[in-house]
Amino acid sequence: MARVVVLGAGVSGHTAALYLRKLLPSEHEVVVVNPKPTYNWIPSNIWVGVGKMEHKDVVFELAPIYKKEGITFVQAKAFALWPEGDEDDARPAVEVEHTSAGRDGEHEKLRYDYVVNATGPKLNFGATPGLGPDAGNTLSVCTPDHATEAAARLAELTTLLRTKKQTVVIGVGHGTCTCEGAAFEYTFNVEHELREAGVRQNAEIVYLTNENELGDFGVGGMQFEQNGYRTTSELWTESLFRERGVKAITGAAVTSIDPGVIHYDQLDGSHNDLEFDFAMLLPPFKGNDWKAFDRAGEDITGTVFAPSGFLKVDADYTPKPYEEWTAKDWPRTYQNPTYRNVFAVGIAFAPPHQISRPRATPDGVAVAPSPPRTGMPSGTMGKVVAKSIADMIVTGAPAPTHSASMSEMAAACVASAGHGFRSGTAAAMTMSPVVPDWERYPETGRDLKATKGEIGLSGHWVKRMLHTLFIYKAKARPGWTWIPE
Ligand SMILES: Cc1cc2nc3c(=O)[nH]c(=O)nc-3n(C[C@H](O)[C@H](O)[C@H](O)COP(=O)(O)OP(=O)(O)OC[C@H]3O[C@@H](n4cnc5c(N)ncnc54)[C@H](O)[C@@H]3O)c2cc1C
């Protein structure tokens with residue numbers, strides 16, 4: 001009997017666990033460790049953040065799903081890896097701290113035959129003084145609780161805007177942030193809501209980003225063909241901003257935030273202050289606060305994890321200048337090179353390099369969007385790793401049997417810009433591959449036929465449909481495997 005422990009029940013981990021359970025005979029155990037008892041469909045947090053959905057619409061309890069599927073659920077937070085076991089027991093282990101009522105704070109070592117790290121990002125609000133809703137001066141939509149708070153503040157702002165002008169700032173709160181697409185989406189949802197409420201004329205809306213130009217999205221921008229013309233995501237995105245009267249500040253690294261004032265540096269060396277009445281700034285991501293130990297208890301964190309806290313996998317991490325990186329540097333199997341029964345998927349794996357060109361201010365402040373690992377690639381990684389592990393257990397395959405590189409995978413991102421069956425709209429982007437491959441596509445780095453941008457009501461319907469479909473899939477309802485990642 002083998003035991004596979006999946007750490008994290010988000011997009012990638014939950015997908016991996018469901019597939020592992022489906023593929024492995026019942027004598028093998030699948031265990032999921034997650035600090036919260038609930039699953040969160042994160043993309044719809046944007047709609048919670050403008051009051052168009054409620055907290056309960058974007059989360060559901062994990063335990064009943066796992067009970068139905070025959071998956072063991074441990075409500076806990078993983079914090080240390082013992083990939084060689086310890087002096088008492090040679091079996092590898094992951095050390096967890098329980099978070100459920102009754103066992104809160106209790107430590108336990110869970111033994112495994114295979115482990116999948118799918119713990120996503122740590123929301124690193126601490127990287128920028130004054131950032132974030134808990135200890136800082138800004139809002140977030142990263143969790144359902146954060147988004148609920150943002151919606152309440154947006155309702156207050158809407159009331160104020162009836163009588164006075166207010167400045168709204170939405171964007172990213174550090175020079176190394178990723179997930180600009182989510183900030184972009186929230187900007188247009190807020191703009192739409194203020195227009196619907198008849199108060200848009202009193203709001204100055206500013207999009208504050210570390211992207212060097214609009215439409216970069218941490219993937220170095222895109223080129224696509226539209227109606228027979230070649231265009232860029234920069235032009236396309238600029239047009240969306242212009243049509244909606246949203247001001248954009250690009251190439252910015254937020255350095256600190258005081259109540260009502262954001263301080264940021266720009267690539268030209270300027271130090272700037274931006275006053276705000278309402279600000280939603282996404283945090284930078286880092287890996288969880290992991291430790292790893294060898295059998296004797298010696299710290300081997302640096303062998304298993306990159307300094308960012310993300311887990312090292314089968315990528316080429318050799319330091320090279322940005323110009324020398326290639327698509328082949330990106331991982332394919334997500335297997336740790338030192339410990340072959342350790343895998344990492346979704347945001348938890350360490351990317352080999354930036355996709356968007358990293359820059360810095362003359363003072364050395366990084367203005368370098370980090371590579372996004374969005375839902376579609378994260379789910380796909382979860383699925384291929386589950387298939388590989390199942391083959392390694394069932395057929396004794398000596399190495400992973402399935403692969404999916406972000407330099408071959410496509411990603412679709414539908415950024416809604418308003419919510420409503422008739423009035424909603426969305427900017428839908430597809431790119432293939434996510435990481436440009438300049439050898440295969442020397443002209444633009446990507447397949448022009450599969451890289452597209454569309455805006456319209458139908459995109460909104462797609463986004464709404466995806467909410468229902470992906471929650472249906474995550475609940476492992478009949479036919480869930482037919483719904484793609
Ligand atoms: C506001 C917002 C909107 C977004 N919109 C889109 C979108 O429209 N389309 C899209 O494709 N992508 C979108 N994304 C990105 C998408 O959410 C991520 O790509 C996806 O969630 C990554 O999956 P993951 O499994 O790596 O991480 P997550 O989904 O974050 O899951 C990580 C899981 O690990 C758990 N965990 C954390 N620490 C530990 C620990 N120590 N031990 C055990 N478990 C732990 C967490 O609680 C969580 O359940 C959005 C992101 C944000 C923040």
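A residue is called buried when its relative accessible area is under 20%, exposed when that value is over 50%, and partly exposed in between. In this predicted model, Leu 469 has a relative accessibility of 33% and therefore counts as partly exposed. Leu 469 belongs to helix 9, which covers residues 457-474. Together with Val 462 and Met 465, Leu 469 makes up a nonpolar patch on the surface, and the accessible area of the three residues together is about 230 Å².

We can now turn to the ligand. The shell around the ligand holds 29 residues, and the closest are Ser 12, Ile 347, Arg 373, Gly 375 and Lys 463. By residue class, this shell comprises 14 nonpolar, 11 polar and four charged residues.

Several backbone atoms come within polar-contact range of ligand oxygen atoms. For Arg 373, a polar backbone atom lies 2.6 Å from an oxygen atom of the ligand. For Val 11, a backbone N or O atom is found 3.3 Å from a ligand oxygen atom, and for Ala 118 the distance between a polar backbone atom and an oxygen atom of the ligand is 3.5 Å. The ligand taken alone would expose 990 Å², and the protein buries 89% of that area. Two or more shell residues come from each of the following elements: helix 1 (11-23), strand 2 (29-34), strand 5 (72-82), helix 5 (180-196) and helix 8 (375-394).

Definitions and conventions:
Residues numbered from 1 in each chain as written. Predicted model: local features only at pLDDT ≥ 70, side-chain atom pairs only at ≥ 80, totals over all residues. Heavy atoms only, no water. Near = heavy atom within 4 Å. Polar contact = N/O pair within 3.5 Å; in protein donor to acceptor, adjacent residues only side chain to side chain. Areas by Shrake-Rupley, 256 points an atom, 1.4 Å probe, with all protein chains shown as cover. Helix = DSSP H or I, 4+ residues; strand = E, 2+ residues; numbered from the N terminus. Nonpolar A, V, L, I, M, F, W, Y, C, P; charged D, E, K, R; others polar. Patch = residues over 30% accessible without salt bridge, like charges linked within 9 Å, V, L, I, M, F, W, Y side chains within 5 Å. Salt bridge = Lys/Arg side-chain N within 4 Å of Asp/Glu carboxyl O. Buried < 20%, exposed > 50% of the residue type's maximum accessible area, 1.4 Å probe, protein only.
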